[in-house]
Amino acid sequence: MASFVDDEFQSANIFIPEEWSDAADSVAYDSNTSPPPVAFVCGPKNSGKTTFSRVLVNVLLQRYKKVAYLDTDVGQTEFTPPGLLSLTTIDKITSDLSIPCLKTPERCFFFGDISSKRDPKTYLAYIFALYDYYRRTYLLSNGGSPGNAGVPLVINTTGWVKGIGYDILVDIIKYISPTHVVKICISSVSKNLPAGAFWLDDDNSDVPTVIEVNSARRDSFNRSVLVQKDARLLRDLRVMAYFRQCFPSDMKITTIKELSRALAAHPPYEIPISSIKIKHLHCEVPKNEVLYSLNATIVGLAVDSENFPDCMGLGIVRAIDTLKHVLYVLTPVPKSSLQKVDLLLQGFVEIPTCLLQVQGCISPYMSADVLPSA
């Protein structure tokens, strides 16, 4: 029977080479504790950026009480479901680097797609806003509290490093101006980023510390190589783990079938359509089809603002009652946070197909029991 805690995570052979440990130590101990390091981790896809970032966070936690983590990879997120850009603070060392873990971000935005290709401008604006929030909260003396002093930042990036992806990466580095840039390289030179401080103009003398390391994965000739992952499967696992949080941790849900049936039987929240606004990201939908397009989809539950809508989390629109003018939504977001939500954002983050194809399970349509959102 299929488990949504997939073998890919259980059997992962995590090898940390000495040069990775040296690189992490260099970032953590290469400077005084104030100002703390801002480390930018980049490289080709599947080269080990996320694993190195986890190693770096663990090393930094040996010197600092907590570490901020800016996740810019909407397709392969670290602490959230896919489609989100987030800033998360971490205060505990992760003992097993092979096990994924979900955390509630300090702040996040729902980009609504697994790649920045559809809207690079908004993608960059969200990342810049998250970094600005980090600066105000943890770096600026007039904005951060004494307890927030000395919080380093690790920025994990997407593996799209060619063409427009390269231009986006350069824009992010230039805006953040990190103290350290860690580049992970593989033996296929054409897939790597250029050597040195590739993002700087010739007349720019403000060069951060650039550290180049090889991917930890090796072939039979001891050459660093890319690791091919099933990206869609990993995203599906993240989504399922996220909605597993709708239920108590001690509830027996270990298989996809059990999760699908539990979600189908779980009372959804009832949200009056008149109390929310609906926005479709990256596409236009005719007004008379807006509600139909929401049915059986994943949406961002957001709080509207003058700048960018803060995302409280994700929900599944389980059904729509056009006569009662209500939406039925499944979400692990606490009721206290859900009551603030006044905006639903629909993008292209999909419900895993395996959840919809369980025999004998009517999913994701509504049950008779509902929970009022207010």
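His282 lies in the loop between strand 9 (277–280) and helix 8 (290–294), where helices (H or I, at least four residues) and strands (E, at least two) are DSSP runs numbered from the N terminus. The model is predicted, so that local features need pLDDT of at least 70 and side-chain atom pairs count only at pLDDT 80 or more, whereas totals for chains, interfaces and linings use all residues. Residues are numbered from 1 along each chain as its sequence is written, and side-chain values use heavy atoms, with hydrogens and water left out.

Most residues other than glycine have a negative phi. In His282, by contrast, phi is positive, near 70°, and a positive phi, near 60°, is also found in Ala296, which is placed in the loop between helix 8 and strand 10. His282 counts as partly exposed because its relative accessibility is 26%, and Ala296 is likewise partly exposed at 26% (buried means under 20% relative accessible area, exposed over 50%, and partly exposed in between, with a 1.4 Å probe and protein chains only).

Strand 4 (residues 107–110) is covered on both faces, with Arg107 and Phe109 buried on one side and Cys108 and Phe110 buried on the other. Strand 4 pairs with strand 3 in the antiparallel sense over four bridges, pairing being assigned if DSSP finds at least two bridges between two strands; Arg107 is the bridge partner of Leu87.

Phe110 is also among the residues with the most contacts inside the largest nonpolar core, together with Phe243, Leu263 and Ile298, in a set of 42 residues. Such a core is a set of buried Ala, Val, Leu, Ile, Met, Phe, Trp, Tyr and Cys residues joined through side-chain atoms within 4.5 Å. Helix 6 gives the most to this core, with six residues, and the core lies between domain 1 (7–214) and domain 2 (260–366) because both give residues to it, the domain bounds coming from an automatic or database domain assignment. Apart from this core lies another, of 36 residues, among them Tyr126, Ile127, Val151 and Ile168.

Thr72 is placed in the loop between strand 2 (67–71) and strand 3 (84–90), and counts as buried because its relative accessibility is 1%. Beyond residues up to four places away in sequence, Thr72 touches Leu85, Tyr123, Ile127, Ile155, Asn156, Thr157 and Thr158, contact meaning heavy atoms within 4.5 Å. A polar atom of the Thr72 side chain lies 2.8 Å from the backbone oxygen of Asn156.

Terms used: A polar contact is a pair of N or O atoms within 3.5 Å; within protein, one must be able to donate a hydrogen and the other to accept it, and residues adjacent in sequence count only if both atoms are side-chain atoms.
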